[in-house]
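Reader: Before I rely on the labels attached to this model, I would like each of them set against its cut-off. Could you take me through them?

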Amino acid sequence: MPQSEASVEAAITTLLQCRGWLVIPITAERPNDGKRTKRHADAGTPDLVALKDGRGVLIEVKREGGRVRKAQTLYHEYAAKHGVPVIVARGIEEVMELCQ
């Protein structure tokens, strides 16, 4: 069974924090129903912001087979145009190069 998006996000967050990154989640679970919702973010905003040593990376977390939505693609293109890298991560493998 594929991992849930929440478990992929937790694994990525733990890995990066152990390597000295500040990881800021842009998503949150609502306490009453457990559903995830964006806080103070525009449509398409990636799930995580990772910062270390003057570098910033946006990370869009997807479960295996999860698709990037049109609003997310537009946000990623806008960020890239302004020099901000975006990683679409379906597991820790996609963020491993940040740990080198």
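Author: What follows goes through the cysteines, the sheet, a surface patch and a loop residue in turn. This is a predicted model, in which local features need pLDDT of at least 70 and side-chain atom pairs count only at pLDDT 80 or more, while totals for chains, interfaces and linings use all residues. Residues are numbered from 1 along each chain as its sequence is written, and side-chain values use heavy atoms, with hydrogens and water left out.

Reader: How do you know how many disulfides there are in the whole structure?

Author: A disulfide is counted when a pair of cysteine sulfur atoms lies within 2.5 Å, and a search of the whole structure under that rule finds zero. For Cys 18 the closest cysteine sulfur is that of Cys 99, at 9.2 Å, and this is too far for a bond.

Reader: What makes Cys 18 buried or exposed, and what makes Cys 99 buried or exposed?

Author: Buried means under 20% relative accessible area, exposed means over 50%, and partly exposed is in between, with a 1.4 Å probe and protein chains only. Cys 18, at 60%, therefore counts as exposed, whereas Cys 99, at 18%, is buried.

Reader: Why are strand 1 and strand 6 said to stand at the edges?

Author: Strands are DSSP runs of E with at least two residues, helices are runs of H or I with at least four, and both are numbered from the N terminus; two strands pair if DSSP finds at least two bridges between them. Four strands form an open sheet in the order 1-4-5-6, with mixed pairing. Strand 1 (22-25) and strand 6 each have a single partner strand, so one side of each is left without a neighbour in the sheet.

Reader: Why is Leu 51 called partly exposed?

Author: Leu 51, which lies in strand 4 (residues 48-52), has a relative accessibility of 34%, and therefore counts as partly exposed. Together with Leu 22 and Ile 24, Leu 51 makes a nonpolar surface patch of about 230 Å².

Reader: What makes Gly 83 buried or exposed?

Author: Gly 83 has a relative accessible area of 60% and is therefore exposed; its place is in the loop between helix 2 (70-81) and strand 6 (86-89).

Definitions and conventions. Patches are made of residues with over 30% relative accessible area and no salt bridge: like charges are joined within 9 Å, nonpolar side chains (Val, Leu, Ile, Met, Phe, Trp, Tyr) within 5 Å. Accessible areas come from the Shrake-Rupley method with a 1.4 Å probe; for residues, only the protein chains shown count as cover. A salt bridge is a side-chain nitrogen of Lys or Arg within 4 Å of a carboxyl oxygen of Asp or Glu.
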